[in-house]
Amino acid sequence: MVQRHSLTIPHGVPVLAVSFLACVATGVELSVNNQAADFTLSTGLSPAISLSCLVHNSSQAEELLWYRGDGQVDLKDGNKVNISNICISPVNESDNGVTFTCRLARDRAVQVSVTLDVQFPPHLSGEETLHVEEEKDVTLTCNSKSNPQGQSTWLKDSQSLTLQQSRHKLYQTSEVFQLSISKVQKSDNGTYTCLVESRLGNGTRDFHLIVEDKKPVFPKEAVIAAVVVVTITILFGIVARLDKFLKCFKKPKETALR
């Protein structure tokens, strides 16, 4: 069981002095992978990496806690006292930017954090085939993930795309690279390639743009007028034949016999 000691505060001692005395009395420090302060650990995609937390300047058994972000890591017995190790396996893209923190159980202000900087080449995705009607607008969206962020370029049919200021627009964030084309023409048919270049490698994604013939558009007014004319014609036809229909259903008059 962890022993706890209370610190008697003499009357009239300033609060700051008491805090200093408590710090000296405690004196416990932690280190993670021999680092006593928060740090960033750069790594690539790998099968596993280990983090080792060690207690310093303590003459008693000290329980340790590990956190991934805000969530506490479940540690096995025998891996909690004075030294504690965790293993991240495998290391993948989703671990990039994640912070792991080792804390002293009895004083969680005593801690050391390590943030993972997972570096990986570009990985691209996006809808491969797009059908668009002539003179409509279209946007090609290339989803890109890489660390460090790469340089993005659009190609058409394996050649550099010549951008027309009036028809082409580019939009880019850390994970999205878009090409918008307004009022597409038949000449816009082709294969567009999203190319992302990084010092760790390059990534490409092809988008096949198929421009279809413009569909004929009928004026709504003309369609409505035609429907009205047809409806009225049918009604007149029914009224004109109504008498004939009624005669068919009239019964002959009966003669009363006495």
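Which side chain meets that of E135 in a salt bridge? I looked it up in this predicted model. The partner is K214, with 3.1 Å from N to O.

**Entry 1: salt bridges**

I began with the E135 and K214 pair. E135 sits in the loop between strand 9 (129-133) and strand 10. K214 sits in the loop between strand 16 (201-212) and helix 2. The two are 79 residues apart, so I noted a link between distant parts of the chain. E135 is partly exposed, at 48% relative accessibility. K214 is partly exposed too, with a relative accessible area of 48%.

Next I turned to D95. Its side chain forms a salt bridge with that of R68, at 3.1 Å from N to O. I placed D95 in the loop between strand 6 and strand 7, and R68 in strand 4 (residues 64-68). They are 27 residues apart, and the pair links distant parts of the chain. R68 is partly exposed, with a relative accessible area of 35%.

I then looked up D188 and R167. Their side chains meet in a salt bridge of 2.4 Å, N to O. D188 is in the loop between strand 14 (176-181) and strand 15. R167 is in the loop between strand 12 (159-160) and strand 13 (168-172). This pair is 21 residues apart. D188 counts as buried because its relative accessibility is 5%, under the 20% cut-off. R167 counts as buried as well, at 11%.

How many salt bridges does the count come to? I wrote down eight.

**Entry 2: disulfides**

I found two disulfides in the structure. One of them joins C53 to C102, with 2.0 Å from S to S. C53 lies in strand 3 (residues 49-56), and C102 lies in strand 7 (residues 99-104). The bond therefore ties together parts that are 49 residues apart in sequence. I also checked the torsion about the S-S bond. It is about -85°, so this disulfide is left-handed. C53 is buried, at 0% relative accessible area. C102 is buried, also at 0%.

A disulfide also joins C142 to C194, at 2.2 Å from S to S. I placed C142 in strand 10 (residues 138-147) and C194 in strand 15 (residues 190-198). They are 52 residues apart in sequence, so the pair ties those parts together. The torsion about the S-S bond of C142 and C194 is about -85°, so the bond is left-handed. C142 has a relative accessible area of 0% and is buried. C194 is buried, with 0% as its value.

I numbered the bonded cysteines in sequence order. The pairing reads 1-2, 3-4.

Which order do the strands of the three-stranded open sheet have? I read 1-3-6, with antiparallel pairing. Strand 1 (29-32) and strand 6 (83-88) are the edge strands, and each pairs on one side only. The twist averages 15° from one strand to the next. I followed strand 1 to strand 3. Four bridges join these antiparallel strands. L30 has V55 in strand 3 as its bridge partner.

**Entry 3: a nonpolar patch**

I224, V228, I232 and F236 make a nonpolar patch of about 400 Å². I picked out I232. This residue lies in helix 2 (residues 220-240). I232 is partly exposed, with a relative accessible area of 41%.

Key:
Residues numbered from 1 in each chain as written. Predicted model: local features only at pLDDT ≥ 70, side-chain atom pairs only at ≥ 80, totals over all residues. Heavy atoms only, no water. Disulfide = S-S within 2.5 Å. Buried < 20%, exposed > 50% of the residue type's maximum accessible area, 1.4 Å probe, protein only. Pairing = 2+ DSSP bridges. Axes fitted to C-alpha atoms, helices over the stretch in contact; angles between N-to-C directions. Patch = residues over 30% accessible without salt bridge, like charges linked within 9 Å, V, L, I, M, F, W, Y side chains within 5 Å. Areas by Shrake-Rupley, 256 points an atom, 1.4 Å probe, with all protein chains shown as cover. Salt bridge = Lys/Arg side-chain N within 4 Å of Asp/Glu carboxyl O.
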